[in-house]
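Welcome! Please take a moment to look over the sequence and the 3D view before reading on.

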Amino acid sequence: RTIYTAGRPPWYNEHGTQSKEAFVIGLGGGSASGKTTVATMIIEALDVPWVVLLSMDSFYKVRTCIQQQEQAASNDFNFDHPDAFDFDLIIATLKKLKQGKSVKIPIYDFTTHSRKKEWKTLYGANVIIFEGIMAFADKELLKLLDLKIFVDTDSDIRLVRRLRRDISERGRDIEGVIKQYNKFVKPAFDQYIQPTMRLADIVVPRGSGNTVAIDLIVQHVHSQLEERELSVRAALASAHQCHPLP
Ligand code: C5P
C-alpha cells in the first residue's frame, strides 16, 4: 500500500492530459479536535493507493511586517479568522489536485509563524483529504468537497490537547497558549467553526475514538470510488464502440 505524500501516481503525465479526478474529503472541526488523527485512520482503513493529506495550515498567509511578527510572538495575532488563510491559493491548489495535476504546497512553520523557503510537490491522487479549522468556511471551496466530515470533540479536551501540543511542538508557553485560546481560538470556534457543522454530511463525535463512524466513512468512500471506476469504464467502452455503416 502506498500512503502517498511524494512521487507520481502511475496515471500521471507531465501535461496533466492523463489526469484522473480525485475524490475529495473535507475534514473540519475545532483546533486540536483530532482532525489529523481521524484523517490518518481513514487513510489506513481505506487501504487505497495514492491518498494525499492536504492541511489548511500550509496555507496561512505570510506575515510580512515586523508589527505582525511581534503580534504573533506575543500571542496577539488572530490566526483563527478566515482572513488569516490564503483561500485563493487553497482553491486553486485543490482544483488542480482534484483534476490529477501536480501542485506546489507551501510548508508552514508554527514556531516562526512563516513559510519555509522550500515548497513540496504533490502530483495527484485517488483520494484527497483536506483538513482544517475553516475547511467549510468558503462557498467556492465547499463545491470542491465530495464528502464533508466535521470532527466534534469537547472543548475541554481540545484545550488540554492544544496546551500539550503547542508547548511541545510549536514553541509556546502555557500563559501564551491560554491567552491566545481565550482571546481568539474559543471565540472563533463559536463564531466561524461550530456553525459550519450543519454543512457537514457526517458529524463524528469524540473524533478518533469513534471507530464506528470511521468504518462507515470508509465504506462510503469505497462505494463512491467503485461507482466512479464503473462510470469511467462505461464511458471508455462506449467511446470504443463500433457502429455499422448505414
Ligand atoms: O492544527 P490546528 O487545526 O489546531 O491548527 C489551527 C490552529 O493553529 C489555529 O487555532 C491557530 O490559532 C493556530 N496557529 C498558531 N500560530 C500560527 C498559526 C496558527 O497558533 N502561526
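What follows is a short tour of this model, from its confidence to its strands, loops, salt bridges and surface.

## About the model

This is a predicted model, in which local features need pLDDT of at least 70 and side-chain atom pairs count only at pLDDT 80 or more, while totals for chains, interfaces and linings use all residues. Residues are numbered from 1 along each chain as its sequence is written, and side-chain values use heavy atoms, with hydrogens and water left out.

The predictor's confidence in each residue is given as pLDDT, from 0 to 100. The chain has a mean pLDDT of 89, with 92% of its residues at 70 or more. Over residues 1-6 the pLDDT is below 50, and this stretch has 20 contacts in the model beyond near neighbours in sequence; a contact means heavy atoms within 4.5 Å. The model's scores are ipTM 0.98 and pTM 0.90.

## A covered strand

Let us begin with strand β1, where 7 of 7 residues are buried. Buried means under 20% relative accessible area, exposed means over 50%, and partly exposed lies in between (1.4 Å probe, protein chains only). Helices (H or I, at least four residues) and strands (E, at least two) are DSSP runs, numbered from the N terminus. Phe23, Ile25, Leu27 and Gly29 point one way from β1, and Val24, Gly26 and Gly28 point the other way.

β1 runs parallel to β5 (residues 127-131), joined by 5 bridges, and Val24 has Ile128 as its bridge partner there. β1 also runs parallel to β6 (residues 147-152), again with 5 bridges, and here Gly26 is partnered by Lys148. Two strands count as paired if DSSP finds at least two bridges between them.

Ile25, a residue of β1, has a relative accessibility of 0%. Leaving aside neighbours within four places in sequence, its contacts include Ile42, Phe130, Leu147 and Val221. Ile25 and Val221 are 196 residues apart in sequence, yet their C-alpha atoms are 8.9 Å apart in space.

Which residue in the loop between β1 and α1 can we look at next? Ala32 is found there, with a positive phi of about 60° although it is not a glycine. Ala32 is buried, at 12% relative accessible area.

Asp47, in the loop between α1 and β2, also has a positive phi, of about 55°. Asp47 is partly exposed, at 47% relative accessibility.

## Salt bridges

The structure holds 11 salt bridges, each a side-chain nitrogen of Lys or Arg within 4 Å of a carboxyl oxygen of Asp or Glu. One of them joins Arg170 and Asp57 (3.8 Å, N to O). Arg170 sits in the loop between α5 and α6 and Asp57 in the loop between β2 and α2, so the pair ties together parts that are 113 residues apart in sequence. Arg170 is buried at 13%, whereas Asp57 is partly exposed at 22%.

Lys183 and Asp76 meet in another salt bridge (2.8 Å, N to O). Lys183 is in helix α6 and Asp76 in the loop between α2 and α3, so this pair links parts that are 107 residues apart in sequence. Within helix α5, Asp166 and Arg162 lie 4 residues apart, about one turn of the helix; their salt bridge has its closest N and O atoms 3.1 Å apart, and both residues are buried. Salt bridges with shared partners also join Asp76, Lys179 and Lys183 into one network.
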